[in-house]
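The following paragraphs lead through a protein structure, from the whole chain down to single residues. Please keep the sequence and the structure in view while reading.

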Amino acid sequence: MEHPPYRLAEEFDRFLGDPNDPGEVFSYARCAELDDKEEFPADICGRFQEWGLPDQYVPVEHGGRLRDYEQVLQLVRAVARRDLTCAIGHGKTYLGGVCVWVAGSAEQGARLGADIMAGVPVSLGLTERAHGSDLLAGEVRTDDKVADTADHWLVSGEKWLINNATRGSVLSLLTRTRPDGGPRGFSVLLVDKRELDGDAYRHLPKIRTHGIRGADISGIVFDGARVPRSALVGAEGAGLEVVLKALQLTRTMCAALSLGAGDHGLRLGLDFAEERELYGRRLIDLPQARHVVAGAAADVLLHEAVALVAARAVQTQTAELSVTSAVTKYLLPTGTDQVLADLTGLLGARAFLKDVHADGRFQKVERDHRIVGLFDGNTLVNLNSLVNQFRSLVRGFQRGTGDTAGSDAACDLGTPLPPLDPTRLSLVARHGSGVMAGLAASVEAITRRVGLNPALGPVAEAARRLLAVTTAVHTEMEEYQGALAEVPPAAFEVARRYTLCWAGAACLGLWTHSTDHACDDPGTGPLWRDGLWLHTALDRLLVRLGEPAAAGPETYEELLGALRAARSSGRLFSLLPQRGPERQPATPDAAAGESERTPC
């Protein structure tokens, strides 16, 4: 299947060159060197500028090339697959611009778009030292009690732990515009530091971090900075709503960081297992090692499926993005952390060493990724967002409401995406989740296919079990529909279970709507025929939901064969075909997974 976002990412990856070649600007060796020095990857970001990556951060209506939000996902994933510091440091500009794409004027959009495409770094100023995720407690404020404020805001206060706070020339700033604050007491200002008096602000020192050591994680202090009234993004007092809607887009796109880290970690783990010998045998020949690698491979494909549906849902199910983004932002960082933890057990001591195995790349990706779960709302923030929507989600599931047409379009990779309409963003999915409402239809669809392909029988059974668990989870959710202020710990556990059910529904929807497009490709077809990737994904989810396993060792052996075959042929291990920029020599027995299988 020729899927345009994957083709574009492949083109970009080729442009960046072979990361194993130390002579390339964006090489593993260069990233390790910058990490040791805790230095920002400015030369690598220069390569992104040459190719035109910043253009992909700017919607077409503001002069850029962003038409398809899945393209952003796949491009940032390609960067994160090589190095998370580069993906986070450069990708912050996309995050910094989203408030303007959501609520800014045409003039603001055109001006910011031109800056971004010219390579100007942009930042998002939300958090403060004393308040963290509690945005309503923010103390950065404007002062209207001064005579010359008719045409300007006077901004004072400190924002801290801000990515690109020092390097960024433009800052989307959440500030208190009413002394008493409250939900309507904050506004977003697009602050251009190039227009401020030099003594009106100062940068705070770079914070030394365990991971992403080269990123500019710092802060900024304003002292009566004169910001023009025209810098207001959206309506005065609407800042919190603007930010929360913008975060729905950024949380979804954060999936790219976890996808890239998972790709990188899985490849390193597989290569180690192929090369390492213990007890006179290669590690990959030992049952426990095969189990770990195959499980990690299943999770990587599960995460990719969720991210594909979520990224497309930005445009097809915009009104339900409050649910989609929270599920995605919870599941992918926590799931990828677990993948890396499992692979750490496989690599043993070499997972922690810098110069012994693969130039220390595993220890770097593992510590770099730990911070992804904190971006744009941490794990508890996203689960709490789901708890706050339990009432509408339960009602929607019981009534079968929700945007099922939008869900179908998100799951059908052959369906063109409509333009994003930011006015459809909502803080609550009022009619429930279309993905969940479509679960029963997906189960029926895969059950019908069993008559044509009996090999799908175990997958269909796993799907029916998922539907039963999902129904039970919605019954559990009813108990906590009113838990808005004091949320009991048990409600967070129910929300966690909801995310797993949503992921299963998304995987089923993706397979049933796209398998006829995808399974004819010689590279990735084996993953789709007989529902191989879907079978292992449902198994992983059901086990995490406390259910018995739905797939046996033979299914994981087949998946491992597909992983090894992809690695030996220079392809990315992915749901859809994509060739990497380097080609590795064939590994022994890697083609074993390329067996003849029943056509779709």
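A compact globule of 600 residues would have a radius of gyration near 25 Å, and the protein chain, with 24 Å, agrees with that expectation. The radius of gyration is taken here over C-alpha atoms, and the globule rule is 2.2 Å times the number of residues to the power 0.38. Along its principal axes, the C-alpha trace spans about 80 × 60 × 40 Å.

This is a predicted model, in which local features need pLDDT of at least 70 and side-chain atom pairs count only at pLDDT 80 or more, while totals for chains, interfaces and linings use all residues. Residues are numbered from 1 along each chain as its sequence is written, and side-chain values use heavy atoms, with hydrogens and water left out. The pLDDT, which is the predictor's confidence in each residue from 0 to 100, averages 93 over the protein chain, and 96% of the residues score at least 70. Over residues 584-599, by contrast, pLDDT stays under 50. For that stretch the model has 33 contacts beyond four places in sequence, where a contact means heavy atoms within 4.5 Å.

The protein chain contains 21 helices and ten strands; these are DSSP runs numbered from the N terminus (helices: H or I, at least four residues; strands: E, at least two). Among the contacts with a separation of 6 or more, 77% are between residues 24 or more positions apart. Of the 600 residues, 63% are buried, a term that means under 20% relative accessible area, with exposed meaning over 50% and partly exposed in between (1.4 Å probe, protein chains only).

Two residues illustrate the local picture. Where is H62 placed? H62 is found in the loop that runs between α3 (42-51) and α4 (69-82). Its relative accessibility is 13%, and therefore H62 counts as buried. Leaving aside residues up to four places away in sequence, H62 touches W101, S105, A106, G109, A110 and G113. L124 is 62 residues from H62 along the chain, and their C-alpha atoms are separated by 19 Å.

The second residue, A429, also belongs to a loop, the one between α14 (404-411) and α15 (434-437). A429 counts as buried because its relative accessibility is 1%. Apart from residues up to four places away in sequence, A429 touches A319, E320, S322, V323, Q389 and S392.
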